[in-house]
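User: I would like to go through the labels used for this model and the grounds for each one. Please set each value against its cut-off.

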Amino acid sequence: MKKFYITLLLFIITTYNFADAQQIKSKLGFDLRLPKNYFHLDTNRSTDQIIKEYKGEALDINYISKLLSSSAKNTSFEVFLHRELNPNGNSINFNVIPNSGSVISDYLKTPKKELCSALRSQIIAIYGGKEKRQLYCDFKSNLSDNVNTSLKIAHDGRLPNQHLIQYQFKIKNDLITATLGCFKNNCNLMEGDLLKIIRSINY
């Protein structure tokens with residue numbers, strides 16, 4: 001069985017003018033443009049400072065503290081949160097595995113049914129064996145100027161009515177996984193935001 005990569009940050013799991021996006025220098029080695037209705041879970045800031053960025057419904061402060069602590073410990077993860085959508089269920093994160101971009105070529109050489117089944121099995125294993133539907137699994141072309149081919153997968157998330165959407169792609173020789181956790185009624189909005197962030201990456 002070939003080795004496939006599923007990367008998750010375990011605690012995760014309004015329209016805007018993109019011209020007003022913030023320029024963010026990621027700890028992962030690239031810059032990106034972040035829409036104004038998102039904020040960066042900057043591990044150099046305190047929980048109180050992070051909470052001031054959030055304008056939505058009542059927030060679980062303990063969850064934010066754990067998320068911040070987890071992000072600080074995992075230097076290969078970068079987390080972004082929507083200012084008005086509860087982060088416990090709605091979040092974006094990026095993960096980079098250096099010198100592993102060849103994984104995308106391996107994916108392309110693998111029969112799609114075998115690949116998708118293997119990835120679904122890994123998602124189920126991550127969630128402790130709990131059954132999860134695979135909602136989508138296929139390749140996308142021309143995701144951005146830097147990305148010719150990407151793999152998109154979508155599964156049931158860890159919470160009821162939540163989806164987990166991932167894009168995996170190669171930039172230079174690194175494997176990047178962009179993960180979106182979203183409640184179903186927010187997924188179209190947030191996936192559109194995620195794609196614009198991906199297209200803004202300057203590596």
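User: What makes the disulfide of cysteine 182 and cysteine 187 right-handed or left-handed?

Analyst: The torsion about the S-S bond of cysteine 182 and cysteine 187 is about 100°, so this disulfide is right-handed. Please note that this is a predicted model, in which local features need pLDDT of at least 70 and side-chain atom pairs count only at pLDDT 80 or more, while totals for chains, interfaces and linings use all residues. Residues are numbered from 1 along each chain as its sequence is written, and side-chain values use heavy atoms, with hydrogens and water left out.

User: How do you know that cysteine 182 and cysteine 187 form a disulfide?

Analyst: A disulfide is a pair of cysteine sulfur atoms within 2.5 Å. The sulfur atoms of cysteine 182 and cysteine 187 are 2.1 Å apart, so the pair meets the definition.

User: How many disulfides does a search of the whole structure find?

Analyst: The search finds two. Cysteine 116 and cysteine 137 also form a disulfide, with their sulfur atoms 2.0 Å apart. The torsion about their S-S bond is about -85°, so that disulfide is left-handed. With bonded cysteines counted along the chain, the pattern is 1-2, 3-4.

User: Which parts does the pair of cysteine 116 and cysteine 137 tie together?

Analyst: Cysteine 116 lies in helix 4 (residues 112-126) and cysteine 137 in strand 6 (residues 134-144), so the pair ties together parts that are 21 residues apart in sequence. Helices (H or I, at least four residues) and strands (E, at least two) are DSSP runs, numbered from the N terminus. Cysteine 116 is buried at 7% relative accessibility, and cysteine 137 is buried at 12%.

User: What is asparagine 161 in contact with, leaving aside its neighbours within four places in sequence?

Analyst: Contact means heavy atoms within 4.5 Å. On that basis, asparagine 161 is in contact with Cys182, Phe183 and Lys184. The C-alpha atoms of asparagine 161 and cysteine 182 are separated by 8.6 Å, and the two residues are 21 residues apart along the chain.

Note on methods. Buried < 20%, exposed > 50% of the residue type's maximum accessible area, 1.4 Å probe, protein only.
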